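Subject: Structure handover

Hello,

Here is the structure we talked about. Please open it alongside this note. My findings follow below.

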Amino acid sequence: MLREATRPGRSGVPTAPYADLTRGNPILQVLSHYCGIDRQRIDLEGGGFEVDGVTGVQWRATTGSEQTGSLFTQSRSTGGRDNVALLITDEGDGRTALYAPGLGAIEERVWNAMQTADCVLVDGTFWTDEEMIGLGLSRKRARDIGHLPQSGPGGMLEWLEKLPPSTRKILIHIKTPSHTR
């Protein structure tokens, strides 16, 4: 699809991750040889943005957490944050969703957004902090690579339990056993 595309793909990327995706992990440079990328800058300080073809929805981005994954070296070296959370609001009824696929920790900004959202879609990558170590696949804990484990003290399930009962909670980015063996 990339090779045959007739126009650049559209990508919303904040500044620090963009630097990583063009230098540290140069996927955007690779894509420039095929279809190219039409970059839409995303403000992480509360400014909204639009998504082509989607009407009646307000989009805002915020930093997810300071804990970063291992692919994003530029973000760490420049003090940037590569984990992005999206706040999505239905303009018709005002209902909101928080989409946070990579959370290495629950920081105040994300926690505040989680408490007011009607639905939270959050990182469900690892069950335990030492899952990859126990499987012999890595020497790093889940938190070391930017993922809050589901179980244990301070885990995602503990945080989700503190949310209002009316909040819909959805775990995303879940690994299946076939990904770990």
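Which residues does I106 touch, not counting residues up to four places away in sequence? In this predicted model, I106 touches W111, M114, L148, M156 and W159.

I106 also belongs to the largest nonpolar core, which has 18 residues. Along with L98, M114, V120 and V122, I106 touches the most other members. Strand 5 (84–90), strand 6 (96–100), helix 4 (108–116), strand 7 and helix 6 (156–161) each give two or more residues to this core. Helix 4 gives the most, with four residues. In soluble globular proteins, nonpolar side chains tend to be buried together.

Next, T125. T125 sits in the loop between strand 7 (119–123) and helix 5 (131–134). T125 counts as buried because its relative accessibility is 7%, and the cut-off is under 20%. Its side chain makes polar contacts with two others: the side chain of D123 at 2.5 Å, and that of H147 at 3.3 Å.

Last, R141. R141 is in the loop between helix 5 and helix 6. With 35% relative accessibility, R141 counts as partly exposed. Leaving aside neighbours within four places in sequence, R141 is in contact with D129, E130 and I133. The side chains of R141 and E130 are joined by a polar contact of 2.9 Å. R141 and F126 are 15 residues apart in sequence, and their C-alpha atoms are 9.5 Å apart in space.

Best wishes

Terms used:
Residues are numbered from 1 along each chain as its sequence is written. This is a predicted model: local features need pLDDT of at least 70, side-chain atom pairs count only at pLDDT 80 or more; totals for chains, interfaces and linings use all residues. Side-chain values use heavy atoms; hydrogens and water are left out. Buried means under 20% relative accessible area, exposed over 50%, partly exposed in between (1.4 Å probe, protein chains only). A polar contact is a pair of N or O atoms within 3.5 Å; within protein, one must be able to donate a hydrogen and the other to accept it, and residues adjacent in sequence count only if both atoms are side-chain atoms. A nonpolar core is a set of buried Ala, Val, Leu, Ile, Met, Phe, Trp, Tyr and Cys residues joined through side-chain atoms within 4.5 Å. Contact means heavy atoms within 4.5 Å.
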